[in-house]
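Please keep the sequence and the coordinates at hand while reading.

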Amino acid sequence: MRGVLASEWLKLRTVSSTGYAIGAATAMIALGAVWSFYVGGLADERGSVRAAAPEAGFLPLVQVSLAVLGVLAATSEHATGTIRLSLSAVPKRGVLILAKTGVVAALTLAVSLGAILTTYAVSRVIAGDRSLGFNGTAFANDLPGLLASALSVAVLALVGLGLGFATRSTAAGIVSVVSLLFVLPGVVRYLPSPWGQRVSSFMIPDLVPQMAGVRFRSGGAWQDGMLPPWIALLAMLAYAAVAVGVGYWSLKRRDA
Amino acid sequence: MWNRLEATNLMDVIELNELTKRYGDTLAVDRLSFRVEPGHVTGFLGPNGAGKSTTMRLLLGLDRPTSGTAHVNGRPYTSLTKPMREVGALLDANALHPGRSAYNHLLCLARTNDLPSQRVAEVLELVGLAGVARKRAGGFSLGMKQRLGIAAALLGDPGVLMFDEPVNGLDPDGVRWIRGLMRTLAAEGRTILLSSHLMSEMALTADRIVILGRGRLITESSVAELTSRFASLEEAYLSLTAGDVEYGSAAPSAPAFDDRITR
């Protein structure tokens, strides 16, 4: 297993798409700094502003970039035909997908945590003692939200990996992940009450604040979460588990 | 090359037993049984679509047989823990990530079976790609990709080797090199299954021949026996597969055409 993990890590490291995805994800830091300077300037004119925190506002950028990395970790093998080489070297398909899961989860968690914490720190330094709406709270209070955000990125990357193995197509994999992140939450909101809100609370964007147990905006309105943090956490992990499970089932069942 | 002469493993065999693979309505491999023994090159022949590549994929556990068994060293491939140390295969030279260097391509494979990185350098040297080891494999010619695929097959120094049309795209120098390599590997006591459409080349390389047609075994014989019964290996092949050519001009071989319209 250690050898297979080393191999999967090397595979990720030696393709340029990994670098591009990480570059796009860490662009959050620069965008967060620009945003903080901009709202800081507004605050200088008006006294104070109620701006969104950049590590929350730019989170979808990190989520999508690293979800694409997850999709590519699976589909580039099918697109290039190297899946046959990989499965000849590692005939136990569960071992192969487990190693990919571990490497993708570890890398995306590390990158997203780094990007989110750096963005957080940089934006607070730029904010200084001005009141920008996002910088009034203590780090200890904000930390659960930051960790939940980073976890959501790793989960989306694994959803991408699983759906990549299930669809064997980069385009289909990316469309699936983007739908799950942006399209589906918008659609389920229009389910008849009270199902709209109930189902919405299990959508990935709403699970992030619920894991941290904070008030959040959903569909334009501020609300308390319906789910206790640990249920939200389990629901979030279930997305990854189900997607990777479907990917494994598809890889196991079909001819390579 | 590591010397296998004293380490010749009598278990180094490929064995198919009633192997069958059906894709929807198509019977790609039809109750195929044969054995490939160590110590010589076994040529694997048949028209396009005869089932050669499918047979190799079934042997490697990439496709699941509909029925029957495909065993390597007495076991199904998927039960091998370090398969690259027992079996090496080149199925498709284009199966590589174009952005990855030749060295990293091989290192990714070597890592999975705990093979040392020094072995990667050895096989690159052996196939003549040491000079371009750090170059992107996507920029390689087909001949260079074939050499890289052969390097991958040899990584684990396996006793059983399968090559699916490795001569395609090679220059005359490369063709002669493959011929020598195959004969050397066989002389070292390895089991070699080699598919090709180049009959004259096969006559120079192989000792035994397995011919498939429409997924079925047509002939299992030695090259010497075939060339004594027919004018040449090419004549033998064309006569034996005359009724089994699925794709191609029907004109010279009327039986194939008749066969098709009456089915």
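In chain B, A89(B) stands opposite M162(B), a residue of β7(B). The two strands concerned, β6(B) and β7 (residues 160-164) of chain B, pair in the parallel sense over four bridges; two strands count as paired if DSSP finds at least two bridges between them. Helices (H or I, at least four residues) and strands (E, at least two) are DSSP runs, numbered from the N terminus. Within β6 (residues 87-90) of chain B, V87(B) and A89(B) point one way while G88(B) and L90(B) point the other way, and all are buried. A residue is termed buried if 20 or more other C-beta atoms lie within 10 Å of its own, exposed if 12 or fewer, and partly exposed in between, with C-beta atoms placed from the backbone. In a regular strand, side chains alternate between the two faces of the sheet.

The coordinates are those of a predicted model, in which local features need pLDDT of at least 70 and side-chain atom pairs count only at pLDDT 80 or more, whereas totals for chains, interfaces and linings use all residues. Residues are numbered from 1 along each chain as its sequence is written, and chains are lettered from A and ligands numbered from 1 in the order in which they are written.

Chain B also holds an open sheet of four strands in the order β2-β1-β4-β5, with antiparallel pairing. Its edge strands are β2 (26-36) and β5 (75-76) of chain B, each of which pairs on one side only. Strand β1 (residues 14-23) of chain B joins β2(B) in the antiparallel sense through seven bridges, and L16(B) stands opposite F34(B) of β2(B).

Helix α1 (residues 52-59) of chain B has seven of its eight residues buried, so it is largely enclosed by the rest of the structure. Those buried residues include K52(B) and R57(B) as well as M56(B), L58(B) and L59(B). After α1(B) comes G61(B), whose phi is positive, near 70°.

Chain A has eleven helices and two strands, in the sequence pattern α-α-α-α-α-α-α-α-α-α-β-β-α. Its radius of gyration, 19 Å, is close to the 18 Å that the globule rule gives for 256 residues, so chain A is as compact as a globular protein of that length. That radius is taken over C-alpha atoms, and the globule rule is 2.2 Å times the number of residues to the power 0.38. Of the 256 residues of chain A, 46% count as buried.

Confidence is expressed as pLDDT, the predictor's confidence in each residue, from 0 to 100. The mean for chain A is 95, and 100% of its residues reach 70 or more.

Where the chains meet, 23 residues from chain A and 28 residues from chain B take part in the contact; residues are in contact if their C-beta atoms, placed from the backbone, lie within 7 Å. On the side of chain A that touches chain B, α1 (2-13), α4 (59-80) and α5 (82-89) of chain A each supply at least two residues.

The largest nonpolar core has 151 residues, and those with the most contacts inside it include L66(A) and L106(B). Such a core is a set of buried Ala, Val, Leu, Ile, Met, Phe, Trp, Tyr and Cys residues joined through C-beta atoms within 7 Å. Helix α7 (residues 139-167) of chain A gives the most to this core, with 15 residues.

Note on methods:
Contact = placed C-beta atoms within 7 Å.
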